[in-house]
Amino acid sequence: MRPVDEHILETLRDEGNMTPYALEHEFGVTVANYASNRLSKLADYGLVERLGRGLYRLTDDGRAFLDEDLDASTLEPSASED
């Protein structure tokens, strides 16, 4: 996990489903490609779920992480490829 990942998860919790472009607007900087890469990585670990092309939402595990009920270091990346 990178420091920005928690901020991405918090934003999804507070704002609901988002795209990388919406996160770029929310953060106030041009980070859409970076946000897209981080969202993909968070999805690999089950903290967010990809709903469709570029649309993500927070999962129960993502909420548990934010509530400090889940240690992200114990998560394994999924073996499936999109």
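Predicted model: local features only at pLDDT ≥ 70, side-chain atom pairs only at ≥ 80, totals over all residues.

Biologist: What is the order of the elements in the protein chain, from the N terminus on?

Modeller: The order is α-α-α-β-β-α, with four helices and two strands in the protein chain. Of its 82 residues, 30% count as buried. The accessible surface comes to about 5,400 Å², and carbon and sulfur atoms hold 42% of that surface.

Biologist: What makes the pair Asp5 and Arg38 a salt bridge?

Modeller: The side chains of Asp5 and Arg38 meet with 2.7 Å from N to O. The cut-off is 4 Å between a side-chain nitrogen of Lys or Arg and a carboxyl oxygen of Asp or Glu, so a distance of 2.7 Å qualifies. The pair links distant parts of the chain, since Asp5 belongs to helix H1 (residues 3-15) and Arg38 to helix H3 (residues 32-44), 33 residues apart. Both Asp5 and Arg38 are buried.

Biologist: How many salt bridges does a search of the whole structure find?

Modeller: Four are found. Another of them joins Glu49 and Arg57, with the closest N and O atoms 2.8 Å apart.

Biologist: Why are Glu49 and Arg57 called partly exposed?

Modeller: Partly exposed covers the range between buried, under 20%, and exposed, over 50%. Glu49 has a relative accessible area of 33% and therefore belongs to the middle class. Arg57, at 35%, therefore belongs there as well.

Biologist: How do you know that the side chains of Arg63 and Asp60 meet in a salt bridge?

Modeller: The N to O distance is 3.9 Å, and the limit is 4 Å, so the pair is counted. Arg63 and Asp60 are separated by about one helical turn because they lie three residues apart in helix H4. Arg63 has a relative accessible area of 40% and is partly exposed, whereas Asp60, at 63%, counts as exposed because the threshold is over 50%.

Biologist: Which residues form the negative surface patch?

Modeller: The patch is formed by Glu6, Asp67, Glu68 and Asp69.

Biologist: Why is the phi of Glu68 worth a remark?

Modeller: Most residues other than glycine have a negative phi. Glu68 is not a glycine, yet its phi is positive, at about 65 degrees.

Biologist: Why is Leu42 called buried?

Modeller: Buried means under 20% relative accessible area, and Leu42 has 2%, so the label applies. Leu42 is found in helix H3. Leaving aside neighbours within four places in sequence, Leu42 is in contact with Met1, Asp5, Ile8, Leu9, Leu47 and Val48. The C-alpha atoms of Leu42 and Asp5 are separated by 7.7 Å, although these residues are 37 apart along the chain.

Biologist: Is Leu75 buried or exposed?

Modeller: Leu75 has a relative accessible area of 15%, which is under 20%, and is therefore buried. Leu75 lies in the segment after H4. Its contacts, neighbours within four places in sequence aside, are Tyr45, Leu47 and Leu70. Between Leu75 and Tyr45, 30 residues apart in sequence, the C-alpha to C-alpha distance is 6.2 Å.

Biologist: Which residues does Arg2 touch, not counting those up to four places away in sequence?

Modeller: Arg2 touches Tyr34 and Arg38. The C-alpha atoms of Arg2 and Arg38, 36 residues apart along the chain, are separated by 8.7 Å. Arg2 is found in the segment before H1. At 44% relative accessibility, Arg2 is between 20% and 50% and so counts as partly exposed.

Biologist: What share of contacts between residues at least 6 apart in sequence joins residues at least 24 apart?

Modeller: For the protein chain, that share is 48%.

Conventions. Residues numbered from 1 in each chain as written. Heavy atoms only, no water. Patch = residues over 30% accessible without salt bridge, like charges linked within 9 Å, V, L, I, M, F, W, Y side chains within 5 Å. Areas by Shrake-Rupley, 256 points an atom, 1.4 Å probe, with all protein chains shown as cover. Lys, Arg positive; Asp, Glu negative; His and termini not counted. Charge placed at Lys NZ, Arg CZ, Asp CG, Glu CD. Buried < 20%, exposed > 50% of the residue type's maximum accessible area, 1.4 Å probe, protein only. Contact = heavy atoms within 4.5 Å.
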